[in-house]
Amino acid sequence: MPDRRWRWAGRALFAVIVVALVAYLARVGWDEADKRASSIGAVLALLALGAPYLLPSTGGGAVVPEPERAEDTGTAEATGGGQANTGVDSVDGAERPAQVIRSGDARADGPGSVANTGIVRRPRS
């Protein structure tokens with residue numbers, strides 16, 4: 001609801017500015033108005049070009065989700081076809097960033113053995 005009010009207030013302010021500008025330019029005469037309008041247009045064009053660099057960002061871009069983190073994970077050892085995981089085992093986490101800091105050693109001994117100290121991402125079944 002407040003956004004709607006601000007939008008209408010901005011529209012009303014814009015209308016007042018346009019009407020005031022037209023009245024002012026008509027009062028000074030069309031030749032002088034042409035010169036001043038050109039100057040005003042040039043200044044506004046430069047401001048519009050510089051605004052993204054001069055004004056703070058509102059964060060209106062895409063929201064980046066919190067990353068999956070594996071930190072100081074230790075050692076994972078799997079033997080005899082087993083699994084060992086000291087990191088993150090994620091289902092369908094492909095949309096999120098991943099961050100691994102100081103992962104431990106992973107040792108898998110034997111057929112079918114899986115060891116992980118970082119991040120494993122599996123699809124949903």
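Modeller: Arg-102 is placed in the loop that joins strand E5 (98-101) to strand E6 (106-109). The model is a predicted one, and in it the phi angle of Arg-102 is near 50°, a positive value in a residue that is not glycine. Most residues other than glycine have a negative phi. Because its relative accessibility is 55% and the threshold for exposure is over 50%, Arg-102 counts as exposed.

A positive phi is also found at Asp-72, again a residue that is not a glycine, with a value of about 50°. Asp-72 belongs to the loop between strand E1 (68-71) and strand E2 (76-79).

Ser-90 is part of strand E4, which covers residues 88-91. Its relative accessibility is 6%, and since buried means under 20%, Ser-90 is classed as buried. Leaving aside residues up to four places away in sequence, Ser-90 touches Glu-68, Val-120, Arg-121 and Arg-122. With one of these, Glu-68, there is a polar contact between the two side chains, at 2.6 Å.

Gly-50 lies in helix H2, which comprises residues 30-54. With a relative accessible area of 18%, Gly-50 falls under the 20% limit and therefore counts as buried. The C-alpha atom of Gly-50 is separated by 47 Å from that of Thr-117, a residue 67 positions away along the chain.

The protein contains 2 helices and 8 strands, and along the sequence they follow the pattern α-α-β-β-β-β-β-β-β-β. The C-alpha trace spans about 95 × 30 × 25 Å along its principal axes. The radius of gyration is 31 Å, whereas a compact globule of 125 residues would have a value near 14 Å. Of the 125 residues, 13% count as buried; Ser-90 and Gly-50 are both classed as buried.

As for contacts across the sequence, among those with a separation of 6 or more, 73% are made by residues 24 or more positions apart. The accessible surface comes to about 9800 Å², and carbon and sulfur atoms account for 60% of that area.

How values were computed:
Residues are numbered from 1 along each chain as its sequence is written. This is a predicted model: local features need pLDDT of at least 70, side-chain atom pairs count only at pLDDT 80 or more; totals for chains, interfaces and linings use all residues. Side-chain values use heavy atoms; hydrogens and water are left out. Helices (H or I, at least four residues) and strands (E, at least two) are DSSP runs, numbered from the N terminus. The radius of gyration is taken over C-alpha atoms; the globule rule is 2.2 Å times the number of residues to the power 0.38. Buried means under 20% relative accessible area, exposed over 50%, partly exposed in between (1.4 Å probe, protein chains only). Contact means heavy atoms within 4.5 Å. Accessible areas come from the Shrake-Rupley method with a 1.4 Å probe; for residues, only the protein chains shown count as cover. A polar contact is a pair of N or O atoms within 3.5 Å; within protein, one must be able to donate a hydrogen and the other to accept it, and residues adjacent in sequence count only if both atoms are side-chain atoms.
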